[in-house]
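Subject: The model, and what turned up in it

Hi,

Here is the structure I promised to send over.

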Amino acid sequence: ARGFSPPPLLEASDGYQMYYTSGTSGFPKGVVLSYANVSAHAHAAITEFGFGPSDAWGHFAPMYHLVDAYAIYALTWVGGSHALLPTWETQAALRVMATCRLSATHVAATMLQMLLTNPLRPTLDLSALRMISCGGSALPTALVAQAFEAFGGLVRSATFKDARFADSSTPTQSRSCVTAGARSATRNSTR
């Protein structure tokens, strides 16, 4: 188009995206990540979680937050697909998980509790779901146990990408860790 000039190419250190978080302080803040940060995070997620073109991610957590935003880039990078809801509604999320054959998503602890206790969940085929990550706050051990029971928490190998449920609380929060071969694979530690 006439008069159009393309934007300059990004440098690896250029600010690329602002994530909003309250972290462990509880005070909202924006954190600018560079193009290199965002790219490295997406690539690491692809490697760690084994994302590929057959994967479908459910964007149920806020897309402006680190726990979901990386999946925008990671799944797009490998040719995967995305499913979005305009707002969180438990039954709608469960239906999307089933009908879109979602393979991965991230939810907050309260969202996980809503998924686990919703009477619609056991009636749906969620067998495509190979990873559900949960974080944003420390998870009670009982909730982790419920998640393992509901989502087939058996870990098939020592690699994280084979886990069906993972607690992704921030490193400064109490964390339930997945260990290979243990059905109730929880270990509380503080980092």
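Let me start with a pair of side chains: His106 makes a polar contact with Ser133, side chain to side chain, at 3.0 Å. By polar contact I mean a pair of N or O atoms within 3.5 Å; within protein, one must be able to donate a hydrogen and the other to accept it, and residues adjacent in sequence count only if both atoms are side-chain atoms.

Before going on, some housekeeping. This is a predicted model, so local features need pLDDT of at least 70 and side-chain atom pairs count only at pLDDT 80 or more, while totals for chains, interfaces and linings use all residues. Residues are numbered from 1 along each chain as its sequence is written, and side-chain values use heavy atoms, with hydrogens and water left out.

Back to that pair. His106 sits in strand 5 and Ser133 in strand 6. (Strands are DSSP runs of E, at least two residues; helices are runs of H or I, at least four; both are numbered from the N terminus.) His106 is buried, as its relative accessible area is 2%, and Ser133 is buried too, at 7%. Buried here means under 20% relative accessible area, exposed means over 50%, and partly exposed is in between (1.4 Å probe, protein chains only). His106 also has its C-alpha atom 7.8 Å from that of Gly135, 29 residues away along the chain.

Stepping back to the whole chain, there are five helices and nine strands, in the order β-β-α-β-α-β-α-β-α-β-α-β-β-β from the N terminus. Of the 191 residues, 39% are buried. Taking contacts (heavy atoms within 4.5 Å) between residues at least 6 apart in sequence, 62% join residues at least 24 apart.

Next, the helix pair. Two packed helices are described by the angle between their axes and the distance between the axes. Helix 4 (residues 109-117) packs against helix 5 (residues 141-150) at about 45°, and the axes are 10 Å apart. The axes are lines fitted to C-alpha atoms, for helices over the stretch in contact, with angles from 0 to 180 degrees between N-to-C directions. The two helices are therefore oblique to each other: under 35 degrees would be roughly parallel, over 145 roughly antiparallel, 65 to 115 roughly perpendicular, and the rest is oblique.

Which residues of helix 4 and helix 5 meet? From helix 4 they are Ala109, Leu112, Gln113 and Leu116, and from helix 5 Leu143, Gln146, Ala147 and Ala150. By class, that contact has six nonpolar, two polar and no charged residues. (Ala, Val, Leu, Ile, Met, Phe, Trp, Tyr, Cys and Pro count as nonpolar, Asp, Glu, Lys and Arg as charged, and the others, Gly among them, as polar.)

Leu143 in helix 5 is buried, given a relative accessible area of 6%. Leaving out residues up to four places away in sequence, Leu143 touches Ala109, Leu112, Gln113 and Leu116.

Asn118, between helix 4 and strand 6 (131-134), counts as buried at 12% relative accessibility, and its side chain has a polar contact of 3.5 Å with that of Gln91. Arg101, in the loop between helix 3 (90-99) and strand 5 (104-107), has a positive phi of about 55° although it is not a glycine.

Cheers
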